[in-house]
Amino acid sequence: MKIGIDAGGTLLKIVYISEEETVYRKVSSLHIDDFIEELNREHPKADIRITGGKAGYMSRKLNHEVRHSIEFDATYTGLKHLMKEQGIHIDRFVYLNVGTGTSFHQADADGQRRAGGTGVGGGTLMGLSYLLTGVRDFKSIISLAKEGNRDAIDLKVHHIYAGDASPIPGDLTASNFGNVQPGDREKARHADELQAVIGLVAETVSTIGINLAAGFDTEDIIFIGSTLLDNDVMIDIINHYVSLKGMKPHFIENGEFSGALGVLLS
Ligand code: ATP
Ligand code: MG
């Protein structure tokens, strides 16, 4: 049995590969000690390879001889593998890993280069959602956000131009949360607030992706990371924003497992 682990700040992504099957699994990083115990107990002979911010912690506690990989290299190897499997043949692209934070990269025939990162990511989505609405669970946040409408919360370009011709599309967000008025604190619906939080994260990472792609002479922007998981609101906003700029967003199935898969392939 081979076990690849991407031990991230929020979630441990695990890929089990045996002769018979490949199994994908996620465990909250809060339960990292229980998971380590499980591996020591149930898979004492497994070939375990780890990447991610918590790889060092895990390998110190595991009884196994563990192999480490650099997170960015492993993720790229896994991503390329998934792209090939899913018939996405692009040689020059940018990709954003929207995890707890977001890391962005440029990739071509020579490999990947990490261009930078931002603290705006899935952790922002979780933290702001909880502080604003008291909703803590990821699935609850994304399903409630679907019922919301952020129009009254975000300020659009056409709100500012108020009927006059604007130099950029009026439907673009001029200021996330910028349309909040006195009294809204009492009136605002949680569903609307949650959709606006997702909008803030989605538009921020989209804008980074768009600029990165423009500077790298490509129109293909790939998004991975558990933040996108079943997150229709986020995916719709990214699709809309990126397409508006004439670029192509791509979402990779099981993309959040790129790192865990990549450690087993590299
Ligand atoms: P990093 O790479 O930044 O160290 P990570 O690898 O743990 O973090 P991901 O697993 O890619 O990050 O994404 C974490 C985000 O995914 C969370 O911040 C949250 O927005 C979202 N998410 C999706 N499913 C869950 C879940 N079951 N529990 C918690 N967060 C979830
Ligand atoms: Mg990660």
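**A covered helix and its surroundings**

Modeller: Let's begin with helix H10, whose buried residues are Ser258, Gly259, Ala260, Leu261, Gly262, Val263 and Leu264. This is a predicted model, where local features need pLDDT of at least 70 and side-chain atom pairs count only at pLDDT 80 or more, while totals for chains, interfaces and linings use all residues. Residues are numbered from 1 along each chain as its sequence is written, and chains are lettered from A and ligands numbered from 1 in the order in which they are written.

H10 spans residues 258-265, and seven of its eight residues are buried. Buried means that 20 or more other C-beta atoms, placed from the backbone, lie within 10 Å of a residue's own; exposed means 12 or fewer, and partly exposed is in between. Helices (H or I, at least four residues) and strands (E, at least two) are DSSP runs, numbered from the N terminus.

What do the buried residues of H10 pack against? Their partners are strands S1 (2-7), S2 (11-17), S4 (47-51) and S11 (220-224), together with helix H3 (71-85). Contact here means C-beta atoms, placed from the backbone, within 7 Å.

Now follow S11 to the loop between it and helix H8 (190-215), where Asp217 sits. Asp217 has a positive phi, near 60°. Most residues other than glycine have a negative phi.

Notes
Contact = placed C-beta atoms within 7 Å.
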